[in-house]
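Biologist: I have some questions about this structure. Can we go through them one by one?

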Amino acid sequence: MSISLFNNCLDRIISKVYNICYENYKGLTKNPKWLLMRKIARFKTGRAIMIFFLKRSTKLDFNQKNSFFSDLNVNEIVNHLKTEGLCLGINLPPDVVKEIVDFAYSTACYGNRKTDMGFFYHQKEEAQAKSGKQFIIGSYFNTTLLCPAIKKLQNDPQLLAIAAAFLDAQPIHQGNLMWWSFSGDTTFYQKSQAAQLFHYDIDDYRFLKFFFYLTDVDDRSGPHVCVRGSHNKKKWSHLWLRKRETDEDIIDYYGFESLVKISGNAGFGFVEDPFCFHKGITPTIKDRLILQIEFAITDYGMQHDLRATSLLKCI
Ligand SMILES: O=C(O)CCC(=O)C(=O)O
């Protein structure tokens, strides 16, 4: 076995063991109900049973005229989302993009999501040199509290209407995430930590994520890739091992034509059923800024970006 193959295998084993330990530790200490949900919800039957018991009234009325997206057809989007696992073209108005991007440039982001690794976007190189670390992503915290445009988006009546129809329940806001994916070379372990390898999420028995690009995204600036239809079809090992999958594994099972690589200009948005396999491709040329807004049936308090300001430290 060559040294590089050995290192690659070791990298994968470390990444898997780390993820299992971290998930169980985090679940047991922070919210055992979340940990239990993670075990049950990976199976379709488990999800169906729990959704049956959790079912609540969905007679919801949203004033869709006050939306950034009032021209969208909710039923069409939800049908698409249910059959394909994603729906493209939920686009942000340019003034909202500008407000959020201005916020991103004038607020510290945190390297690899560590609360003591804060820096402003334009100071990334300096921050890396000073800390001796390579930052794969730079995430923002407390976005609801700090950015009025993001707060408005998470309360947008049309997004809520889509979420309610998909969830068949009162949509609960689980959290926002906004982050830079930085361009450059990354190892398998770094990709696995930054959602840059194929995986599916288990954040509730049913949930959905809206994504909005805030920079122009093409093949070389970190497009998101979703495997169409994979929310409804997984093989035994996908369910039981739930490891990060290689492109080859995914293409072998789902076929190359199932991969939807999503490019778009700043403001381009889409909604995804995160039980689909998905990933962000590591940007090679240009950094990508993306915003994610997530709704579910229950808030387990595990997905939000809220951090006490006393914990946040700049490098
Ligand atoms: O960076 C991306 O596009 C992937 C994001 C992702 O995998 C996730 O939010 O679960």
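Biologist: Which residues does A163 touch, leaving out those up to four places away in sequence?

Modeller: A163 touches P171, L208 and F295. Two residues are in contact if their C-beta atoms, placed from the backbone, lie within 7 Å. This is a predicted model, where local features need pLDDT of at least 70, side-chain atom pairs count only at pLDDT 80 or more, and totals for chains, interfaces and linings use all residues. Residues are numbered from 1 along each chain as its sequence is written.

Biologist: Which residues touch the most other members of the largest nonpolar core?

Modeller: A163, L214 and V271 do, in a core of 74 residues. A nonpolar core is a set of buried Ala, Val, Leu, Ile, Met, Phe, Trp, Tyr and Cys residues joined through C-beta atoms within 7 Å. A residue is buried if 20 or more other C-beta atoms lie within 10 Å of its own, exposed if 12 or fewer, and partly exposed in between, with C-beta atoms placed from the backbone.

Biologist: And what gives the largest share of this core?

Modeller: Helix α9 (residues 157-167), with eight residues. Helices (H or I, at least four residues) and strands (E, at least two) are DSSP runs, numbered from the N terminus.

Biologist: L167 is in that helix too. Is L167 buried or exposed?

Modeller: L167 has 22 C-beta neighbours inside 10 Å, so it counts as buried. Leaving out residues up to four places away in sequence, L167 touches R206, F295 and I297. L167 and F207 are 40 residues apart in sequence, while their C-alpha atoms are 6.6 Å apart in space.

Biologist: F207 is in β6. How many residues of β6 are buried?

Modeller: Seven of the seven, residues 207-213, so β6 is largely enclosed by the rest of the structure. One side has F207, K209, F211 and Y213, the other has L208, F210 and F212, and all are buried.

Biologist: Which strands are joined to β6?

Modeller: Strand β11 (residues 288-296) is joined to β6 by seven bridges, and strand β9 (residues 269-272) by four. Both run antiparallel to β6. Two strands pair if DSSP finds at least two bridges between them. Y213 stands opposite I290 in β11, and the bridge partner of F211 in β9 is F270.

Biologist: What is the strand order in the sheet of eight?

Modeller: The order is β1-β9-β6-β11-β5-β4-β2-β3, in an open sheet with antiparallel pairing. At the edges, β1 (86-88) and β3 (118-119) each have a single partner strand, so one side of each is left without a neighbour in the sheet. Helix α4 (residues 74-84) packs on this sheet and touches β1, β6 and β9.

Biologist: Changing topic, which residues are around the ligand?

Modeller: They are S181, A195, D201, H224, P274, H278, K279, G280 and Q292. A residue counts here if its C-beta atom, placed from the backbone, lies within 6 Å of the molecule. Strand β10 gives the most to this shell, three residues.

Biologist: Where does β10 stand in its sheet?

Modeller: In an open, antiparallel sheet of three strands, the order is β8-β7-β10. Both β8 (259-262) and β10 (278-280) stand at the edges with a single partner strand each, so one side of each is left without a neighbour in the sheet.

Biologist: How many bridges join β7 to β8?

Modeller: Four bridges join β7 (residues 224-227) to β8. The bridge partner of V227 in β8 is L259.

Key: Axes are lines fitted to C-alpha atoms, for helices over the stretch in contact, and angles run from 0 to 180 degrees between N-to-C directions.
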